[in-house]
Amino acid sequence: LCNILKIGASAAPQLIKLLGAPEHVTEQQQQQQQQQELRLQEMYSASKLDSFAIDLMNVAPSLTAVLITAGSFGSAARVRFSTQNHERDCTTSRCTTEFGAFMNSMPVDSCIDTTGAGDAWFGAFLAWCLTHGNGHAPSTPTDLNSALHCASKCAALSCTSSGGLPPDGAPIDAIRSEFFRL
């Protein structure tokens, strides 16, 4: 059984987009908005998200995975697991392997509603783990990137319809054939 922590980053960027900018924006307000956007980009950078995941795993050693969604800024994951000793430089009978990855968000031609995008992301990540990892977190960096790619595609797809409902037809079939060859 895995102990997984999934964290959704602040909804501030989506709220700003939904609420829109005031019709008459002063130059000072424009500068403040640009500074806010730069702060958000820095806060949700790949290195900051990975550092946050590492800190969480250090505080809670029983965690085997930390998954972080940051909306349009992307997503990150860090996994840790024990493996049998097959390496000379490991002095104990079990070794710990830990690695992380970052995935930019997928572009969306027409974003209608972001409701449920994080849920779609997490559901797709877990579905990937069930079909490719026998219910376990990805065990290689390549697999972790594949799981993040799958999750990000599903989250982006969920934004193309309203109310968190999946769109019908070809887009879902394409994701199934790419990631879930059943």
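Of the 182 residues in the protein, 30% are buried. The model is predicted.

Start with the whole chain in cartoon view. Six helices and four strands make up the protein, and along the sequence they run β-α-α-α-β-β-β-α-α-α. Among contacts with a separation of 6 or more, 63% join residues 24 or more positions apart.

Next, select Trp121, Phe125, Trp128, Leu144 and Leu148. These residues have the most contacts inside the largest nonpolar core, which has 28 residues. At least two residues of this core come from each of strand E2 (65–69), E3, strand E4 (94–103), helix H4 (117–132), helix H5 (141–158) and helix H6 (170–179). H5 gives the most, with nine residues.

Stay on Trp121 and show what surrounds it. Leaving aside neighbours within four places in sequence, Trp121 is in contact with Leu67, Thr69, Ser75, Leu148, Ala151, Ser152 and Ala155. Another core, of nine residues, lies apart from the largest one; Ala53, Met57, Ile68 and Phe73 are among its members.

Now select Arg78, in strand E3 (residues 75–84). Is Arg78 buried or exposed? Its relative accessibility is 10%, under the 20% cut-off, so Arg78 counts as buried.

Show side chains here. The side chain of Arg78 makes a polar contact of 2.9 Å with the side chain of Asp50. Not counting residues up to four places away in sequence, Arg78 also touches Ala53, Ile54, Met57, Thr64, Ala65, Val66, Glu98, Phe99 and Gly100.

Definitions and conventions. Residues are numbered from 1 along each chain as its sequence is written. This is a predicted model: local features need pLDDT of at least 70, side-chain atom pairs count only at pLDDT 80 or more; totals for chains, interfaces and linings use all residues. Side-chain values use heavy atoms; hydrogens and water are left out. Buried means under 20% relative accessible area, exposed over 50%, partly exposed in between (1.4 Å probe, protein chains only). A polar contact is a pair of N or O atoms within 3.5 Å; within protein, one must be able to donate a hydrogen and the other to accept it, and residues adjacent in sequence count only if both atoms are side-chain atoms. Contact means heavy atoms within 4.5 Å. A nonpolar core is a set of buried Ala, Val, Leu, Ile, Met, Phe, Trp, Tyr and Cys residues joined through side-chain atoms within 4.5 Å.
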